[in-house]
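Please read them with the coordinates open.

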Amino acid sequence: MNTSKNSVSKDIRAMQNGDKNRRTLIQIVVAVVLIGLVAAIAFFVVNKDSTSGEASPAGGSGAQLTPTSLTENGAIRFGNPDATTVISVVEDFQCPACKNFESISGSTLQQVADAGNVAVDYRPISILDRFSNGTKYSTRAASASICVAENDRDSWMNWHNSMFAEQPAENGNGLSDDKLVEIAAAAGADSPATASCIADGSYTDWVTTQTQSVLGEGINGTPSVRVNGTDITNPTPENILAAAAAAGN
């Protein structure tokens, strides 16, 4: 009789152990499935972010580059590269005040640079991306400025003036990359290298870093005009020329 009871007990324990093993196996299978599902979702999100033009409006598919033709502080220099007097102009292509400044003082800056005894440095930055509905127009335009400087330097000033002439209104979508390429080509910056550079957003990362560097110098708005590091609070043609003369020219 005891033998029969022991046999039954063993059978019950075996069944219990079998149930426990099955539950463990099921739990393992469920865990593996959940891990795979989470991994698949993560891959989808990362892939979407890396390829969606909406998620990454300021950059294309090209590799990010570092300019090689600029000054040590990231300026596009015109005039005498060795001049002791340097007029530095910080601008954002989305900035209406910059457009107004260029309409008043831009030709004076070009004349001073052409005279050959003063250097004029242009430092494009992007502080107004918030006014282009998420398309990061300021960053894309500043990146395009470096594309032109690197590949079609002789056309840069024409391109610069055209960009302000066609400046989009704030709180819109900004200009498309195709439009930026079109403006560049019309201004003489029509090399394939410039077009692909603009389309790829090749300098957007550099622009972001450069903007932080410029802001770190105490510049908190655009346009900002300095002569040998001294601010010109009202950068009219007369004040710019007076500051340059006071600096030794």
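1. A disulfide here is a pair of cysteine sulfur atoms within 2.5 Å. By this rule the count comes to one disulfide. The model is a predicted one, in which local features need pLDDT of at least 70, side-chain atom pairs count only at pLDDT 80 or more, and totals for chains, interfaces and linings use all residues. Residues are numbered from 1 along each chain as its sequence is written, and side-chain values use heavy atoms, with hydrogens and water left out.

2. The disulfide joins Cys147 and Cys197, whose sulfur atoms are 2.0 Å apart. The link is left-handed, with -75 degrees about the S-S bond. Cys147 belongs to helix α3 and Cys197 to helix α6, so the pair ties together parts that are 50 residues apart in sequence. Helices are DSSP runs of H or I with at least four residues, strands are runs of E with at least two, and both are numbered from the N terminus.

3. Cys147 and Cys197 are both buried, meaning under 20% relative accessible area; exposed is over 50% and partly exposed in between, with a 1.4 Å probe and protein chains only. Cys95 is buried as well, at 4% relative accessible area, and Cys98 is buried at 0%.

4. Helices α3 (residues 137–151) and α6 (residues 192–200) have axes that come within 9 Å and cross at roughly 160 degrees. Axes are lines fitted to C-alpha atoms, for helices over the stretch in contact, and angles run from 0 to 180 degrees between N-to-C directions. The two helices are therefore roughly antiparallel, a label for angles over 145 degrees. On the α3 side the contact (heavy atoms within 4.5 Å) is made by Ala144, Cys147, Val148 and Asn151, and on the α6 side by Ala193, Thr194, Cys197 and Ile198.

5. How do α3 and α4 pack, and at what angle? The axes of α3 and helix α4 (residues 156–165) are 9 Å apart, at an angle of about 160 degrees. α3 and α4 are therefore roughly antiparallel too. Tyr137, Ala141, Ala144, Ser145, Val148 and Ala149 of α3 meet Trp156, Trp159 and Met163 of α4.

6. Asp129 sits in the loop between β3 (119–124) and α3. Leaving aside neighbours within four places in sequence, Asp129 is in contact with Lys136, Tyr137, Ser138 and Thr139. The C-alpha atoms of Asp129 and Asp92 are separated by 9.6 Å, and these residues are 37 apart along the chain.

Notes: Parallel < 35°, antiparallel > 145°, perpendicular 65-115°, else oblique.
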